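The exercises below are meant to be worked with the sequence and the model side by side. Each task sentence is followed by a solution that goes step by step.

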Amino acid sequence: MSLPAPVARYIDAYNALNVDRMVAELAEEVTFRNISDGEDAATVTGRDAFRYMAMASAVAFAKRRLLVRQAITVAEVTVLTLEFTATVAEDLPNGWVKD
């Protein structure tokens, strides 16, 4: 599957837990939405808000991986369907526990 270069670099940085590289791929006015099981799990707007959320998330995981299952790009907007796996570094409020 071919992804736009910034999207591919973002996914690589995410999997490497590298927030600086992730943020480098984003526009200043980025809006990030995490939809899980049809529910809006998190929404942030702007690079600074995204960086704050990403830093908090990165320390929660010992490792994590996004796998792109589907990607649709239209008019410079890319929508992804992702598979997420992770090992948590600490017990999380959502009930996930450290192994």
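On a 1 Å grid over the protein atoms alone, a pocket is an open set of points where a 1.4 Å probe fits, with protein on both sides within 12 Å along at least five of seven lines, whereas a cavity is a set from which the probe cannot get out; lining residues have an atom within 4 Å of a point. Grid points are joined across faces, edges and corners, and a volume is the space filled by probe spheres set on the points. The model is predicted, so that local features need pLDDT of at least 70 and side-chain atom pairs count only at pLDDT 80 or more, while totals for chains, interfaces and linings use all residues. Residues are numbered from 1 along each chain as its sequence is written, and side-chain values use heavy atoms, with hydrogens and water left out.

**Exercise 1. The largest pocket**

Task: Find how much space lies in the largest pocket, and which residues lie nearest its centre.

Solution: Begin with the volume, which is about 1,500 Å³ for the largest pocket. Next, turn to the lining, which is made by 38 residues, with Tyr10, Phe32, Arg33, Asn34 and Leu82 lying nearest the centre. Then sort the lining by element, where helices (H or I, at least four residues) and strands (E, at least two) are DSSP runs, numbered from the N terminus. Two or more lining residues of the largest pocket come from each of helix 1, strand 1, strand 2, helix 3 (47-58), strand 3 and strand 4. Strand 4 gives the largest share of this lining, namely 8 residues.

**Exercise 2. Aromatic rings**

Task: Determine which residues the ring pairs link into a cluster, and what lies over the face of Tyr14.

Solution: First apply the rule that rings of Phe, Tyr and Trp (its six-membered ring) pair if their centres lie within 6.5 Å, with planes under 30 degrees apart counted as stacked, over 60 as edge-to-face and the rest as tilted. The count by this rule is 6 aromatic pairs, and ring pairs join Tyr10, Tyr14, Phe32 and Phe50 into a cluster. Finally, examine Tyr14, where Arg64 lies over the ring face at 3.6 Å from the ring centre; a charge sits over a ring if NZ of Lys or CZ of Arg is within 6 Å of the ring centre and within 35 degrees of the ring normal. For contrast, take Tyr52 in helix 3, which counts as exposed at 67% relative accessibility; Tyr52 and Arg64 are 12 residues apart in sequence and 18 Å apart in space, C-alpha to C-alpha.

**Exercise 3. Salt bridges**

Task: Count the salt bridges, and explain why the pair of Arg9 and Glu25 ties together separate parts of the sequence.

Solution: The criterion is a side-chain nitrogen of Lys or Arg within 4 Å of a carboxyl oxygen of Asp or Glu, and the structure holds 5 salt bridges. In one of them, Arg9 pairs with Glu25, and the closest N and O atoms are 2.9 Å apart. Arg9 lies in helix 1 (residues 5-15) and Glu25 in the loop between helix 2 (19-24) and strand 1, so the pair ties together parts that are 16 residues apart in sequence. Arg9 counts as partly exposed at 41% relative accessibility, and Glu25 is partly exposed too, with a relative accessible area of 24%. Another salt bridge is formed by Glu83 and Arg69, with their closest N and O atoms 2.5 Å apart. This pair links distant parts of the chain, since Glu83 is in strand 4 (residues 77-88) and Arg69 in strand 3 (residues 61-74), 14 residues apart.

Technical notes. Buried < 20%, exposed > 50% of the residue type's maximum accessible area, 1.4 Å probe, protein only.
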